[in-house]
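Try each task yourself before you go through the solution.

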Amino acid sequence: MRRVLGRFTTGVTVVTTGGQTPHGMTANAFTSVSLSPPLVLICVLREAAMHEAVLDRKSFAVSVLSERQEELAGYFADRRRPRGIQQFAPVAWSPGPFTGSPLIADALAWLECSLTATYDGGDHSIFLGEVLDMGLRDEHDALLFYNGSFHGLRSKET
């Protein structure tokens with residue numbers, strides 16, 4: 001199934017939670033759900049540290065990465081990175097104004113969300129979040145995930 005679904009190209013995000021023990025992870029299981037009210041969802045493995053962090057804090061943030069942030073995507077996907085605030089030491093970020101969740105600097109876009117519902121998704125939980133705040137930048141192209149690796153989006157000239 002992983003190989004088949006790997007043929008579906010996705011964007012790459014870093015999902016974070018704030019609080020006394022902030023946490024982050026790379027995720028491509030993210031999508032918009034509704035414009036009115038503004039809702040998004042993320043899917044998190046039940047065994048991941050992020051799972052309990054989102055449930056405890058009842059909030060999360062999503063930073064959409066640019067193609068220049070591939071190294072950052074790899075860093076937050078690495079289970080050997082430090083935990084807690086130490087994992088953010090090599091990363092430029094600022095706390096979200098509503099939840100304190102880290103927002104990654106120079107991300108293409110970001111959303112800060114309050115957790116509104118949790119659904120069973122097999123070995124994952126589906127977290128539905130209401131968007132409290134958001135922002136965007138247009139300087140770079142998106143970072144994509146396809147066939148097990150990261151790729152840049154190359155715009156075609158017409």
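## Exercise 1: A strand and its neighbours

In S2, Thr 13, Val 15 and Thr 17 point one way while Val 14 and Thr 16 point the other way, and all are buried. Before going on, note that this is a predicted model, where local features need pLDDT of at least 70, side-chain atom pairs count only at pLDDT 80 or more, and totals for chains, interfaces and linings use all residues. Residues are numbered from 1 along each chain as its sequence is written, and side-chain values use heavy atoms, with hydrogens and water left out.

**Task.** Work out how well covered strand S2 is and which strands S2 pairs with.

**Solution.** 

Step 1. Buried means under 20% relative accessible area, exposed means over 50%, and partly exposed is in between (1.4 Å probe, protein chains only).

Step 2. Find the partners. Two strands pair if DSSP finds at least two bridges between them. S2 runs antiparallel to S3 over 5 bridges, and Thr 17 has His 23 as its bridge partner in S3. S2 is also antiparallel to S6 (residues 59–64), over 4 bridges; there, Val 15 is bridged to Val 62.

Step 3. Check the turn. S2 and S3 make a hairpin with 5 residues between them, and Gly 19 in the turn has a positive phi of about 90°.

## Exercise 2: Rings in pairs

**Task.** How many aromatic pairs are there, and what is the geometry of the pair Phe 76 and Phe 88?

**Solution.** 

Step 1. Use the rule: rings of Phe, Tyr and Trp (its six-membered ring) pair if their centres lie within 6.5 Å; planes under 30 degrees apart count as stacked, over 60 as edge-to-face and the rest as tilted. The structure holds 4 such pairs.

Step 2. Apply the rule to Phe 76 and Phe 88. Their ring centres are 5.5 Å apart and their planes sit at 45°, so the pair is tilted.

Step 3. Phe 76 is in helix H3 (residues 70–77) and Phe 88 is in the loop between H3 and strand S7 (93–95), so the pair ties together parts that are 12 residues apart in sequence. Both residues are buried.

Step 4. Phe 145 and Phe 150 are edge-to-face, at 5.5 Å centre to centre with 65° between the planes. Phe 145 is partly exposed at 25% relative accessible area, and Phe 150 is partly exposed at 23%.

Step 5. Spot the group: Tyr 75, Phe 76, Phe 88 and Trp 93 form one aromatic cluster.

## Exercise 3: Cysteines

**Solution.** 

Step 1. Recall that a disulfide is a pair of cysteine sulfur atoms within 2.5 Å.

Step 2. Compare. The sulfur of Cys 113 is 13 Å from its closest cysteine sulfur, in Cys 43, which is too far for a bond. The count comes to 0 disulfides.

Step 3. Cys 43 is partly exposed at 23% relative accessibility, whereas Cys 113 is buried at 0% relative accessible area.

Note on methods:
Helices (H or I, at least four residues) and strands (E, at least two) are DSSP runs, numbered from the N terminus.
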